[in-house]
Amino acid sequence: MKKRMNVDRRRFLRTAGAAALAPAVGRAAGSGANEQIRVAVIGLGTRGPAIAWNLLKIPDVELVAICDADTERMDDFEKKLSKDPKAGRGVKKVQDFRKVMDDPEIDAVMICTPNHWHAHMTLMACEAGKDAMVEKPVCHTIWEGWRMMEAAKKHGRIITGGFQNRGDSGLIRFFDYLESESQPVGKLESVNALWHRFRESIGKRKSPLKPPASVDYNLWLGPAMDEPIYREKFHYDWHWMWNTGSGEMGNLGAHNLDIARWAIGDPKDKPVRVLSAGNRFVWDDAGETPNMHWARYDFGNGIPFTVEVRDLNLKPDVKRLAGFKGISSGMILKYEGGEFRGGRGGGKLYGNDNKVIEKFAGDGGKDHLVSFFNAVRSRNESDLRCKLEDAVYSSQCVLMGGLATRIGSPATPDDISKVMSGEPKAVQGMWEHMGEHLENWDIDYAKEPWMLGPELTYDWKAQHFSAASEPAALAKAQALHQRSYREAFPFPKV
């Protein structure tokens, strides 16, 4: 018979009121492998339902609650769940996530909300004695990432990030292959992470959009600023507003930057410098974040490292993604003797003659959540495919790229080419490909210039941008390092 965690003990510890006891709350090390872990999914947009269905496939994991500020979304998803015999009819609907945090019978939460809620909810879960999976980017500002790691350590919680590519069997085999003595490609020479996808304009209203009646907007907005909404669609397109999202660089570009960091050994005190440029080209809409965006990171290892995201087709009249060397989402790793091209789902290793040396078929990280529950039972973070610190560092990197562009100045392609003249060939090549792409759209750069950010440096030990950054940019960068929160939703104290 499956055992439940000792709920009475958890309830005692939480009501005893001693914050110092919080690390003991939850599943103890060495507890039975067949204990049922009771889980709530918070946020029912795109990722939440996908994760909920996956939970139903994992032994000894029970989906007990779904939560969303939009009751219509909850009702719709409950109807779908009710048709699945594995889900049954016992799943609770909760509009206010704080009730989930207060529920002593919920052991873990899946945080799949808009980005501006990620850090708040993670800290609240830690304090409530719950483990958590939090979607990427795990934080909305660089400063929040530091606080998340502090909270997880203080409260002894198991936290993983939604970077499921780290669990991809093909990528795992490839990196293991590189450790073998017989690997033929030598040292890594350059890294290019890329995401290409076509997205339509999100439109621009003349009068502010009124949130759907089914949404508790105060709860949905939470810590974010109460700004008028001029986009046409309420859900999902919050990604393209700095107030609630992180743009495509932080949305889907984050996945590929994360595995690219993995490729260079997951440095914990890097990058030391970042240079970035982008803009929202073509669409005169309500979106604020770039739809063409690149960033160059200096990890202090001499390896050129670039990330690019493109949300425009190759040409206006040709519905085809730009892509590069057959890759529209993933990374291209250039080695002395060859090149790896791939990402989620694995990839192929090519020799310098462009012939395939080895194939590494993957599975998209299907066991990513399994590793989380293994760690919940063992209380051992090393069982995770994506540790919180790696999720935070990757998230902070994409946020740096967005931040640099936000404080940038108008620049022509010639201006950027001059800056690029001192960069390695791999970085120059990335810029040339993006320039060729935009040439197909006949951009008038006098009206739609690139926004070229200043080169920023970061002090990872002091946890702030350093004085080595351009002086005029330092204050602007530091102002975006942390954000203000609405008075009713202050940032939880660690």
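This is a predicted model: local features need pLDDT of at least 70, side-chain atom pairs count only at pLDDT 80 or more; totals for chains, interfaces and linings use all residues.
1. Start with helix α6, residues 142–155. Its 14 residues should span 20 Å at 1.5 Å a residue, and its end C-alpha atoms are 21 Å apart, so the two values agree.

2. Is α6 enclosed or open to the outside? Of its 14 residues, 11 are buried, so the rest of the structure largely encloses it. The buried residues are I142, W143, E144, G145, W146, R147, M148, M149, A151, A152 and H155.

3. Now look at what packs against α6. Two packed helices are described by the angle between their axes and the distance between the axes. For α6 and α12 (residues 388–406), the angle is about 170° and the axes are 9 Å apart. The two helices are therefore roughly antiparallel, since an angle over 145 degrees gets that label.

4. Which residues make this contact? From α6 come I142, G145, W146, M148, M149 and A152. From α12 come L388, E389, V392, Y393, Q396, L399, M400 and L403. Sorted by class, the contact of α6 with α12 has 11 nonpolar residues, 2 polar ones and 1 charged one.

5. Helix α5 (residues 118–127) is another one to find. Here 8 of the 10 residues are buried, so α5 is also largely enclosed by the rest of the structure. Those buried residues are H118, A119, H120, M121, T122, L123, A125 and C126. They pack against β1 (37–42), α4 (97–102), β4 (108–111), β5, α6 and β6 (159–161). After α5 you'll meet G129, with a positive phi near 80°.

6. How do α5 and α6 sit relative to each other, parallel or antiparallel? Their axes come within 9 Å and cross at roughly 10°. That makes α5 roughly parallel to α6. On the α5 side the contact uses A119, T122, L123, C126 and E127, and on the α6 side E144, R147, M148, A151, A152 and H155. By class, this contact of α5 with α6 has 6 nonpolar, 2 polar and 3 charged residues.

7. Next, the cores. The largest nonpolar core has 87 residues, and V109, F174, Y297, F305, L333, F340 and L456 have the most contacts inside it. Helix α12 gives the most to this core, with 10 residues. Apart from this core lies another, of 28 residues, with V41, M74, A87 and V376 among them. For a closer look at F174, leave aside its neighbours within four places in sequence: F174 is then in contact with L333, Y335, F340, L349 and F360.

8. Most residues other than glycine have a negative phi, and most peptide bonds are trans. The peptide bond from K136 to P137 is cis, with omega near -20°, and P137 sits in the loop between β5 (131–134) and α6. Another cis bond joins K270 and P271, with omega about 5°. You'll find P271 in the loop between α10 (253–263) and β8 (273–279).

9. Two residues have a positive phi without being glycine. D266 has a phi of about 50° and lies in the loop between α10 and β8. N354 has a phi of about 70° and belongs to the loop between β13 (346–351) and β14 (356–361). Buried or exposed? D266, at 10% relative accessibility, counts as buried, while N354, at 46%, counts as partly exposed.

10. Last stop: P449, in the loop between α14 (425–439) and β16 (450–452). Its relative accessibility is 15%, so P449 counts as buried. Not counting residues up to four places away in sequence, P449 touches N279, F281, P410 and A411. As for F360, P449 is 89 residues from it in sequence and 41 Å from it in space, C-alpha to C-alpha.

Technical notes:
Residues are numbered from 1 along each chain as its sequence is written. Side-chain values use heavy atoms; hydrogens and water are left out. Axes are lines fitted to C-alpha atoms, for helices over the stretch in contact, and angles run from 0 to 180 degrees between N-to-C directions. Helices (H or I, at least four residues) and strands (E, at least two) are DSSP runs, numbered from the N terminus. Angles under 35 degrees count as roughly parallel, over 145 as roughly antiparallel, 65 to 115 as roughly perpendicular and the rest as oblique. Contact means heavy atoms within 4.5 Å. Ala, Val, Leu, Ile, Met, Phe, Trp, Tyr, Cys and Pro count as nonpolar, Asp, Glu, Lys and Arg as charged, and the others, Gly among them, as polar. The expected span of a helix is 1.5 Å times one less than its number of residues. Buried means under 20% relative accessible area, exposed over 50%, partly exposed in between (1.4 Å probe, protein chains only). A nonpolar core is a set of buried Ala, Val, Leu, Ile, Met, Phe, Trp, Tyr and Cys residues joined through side-chain atoms within 4.5 Å.
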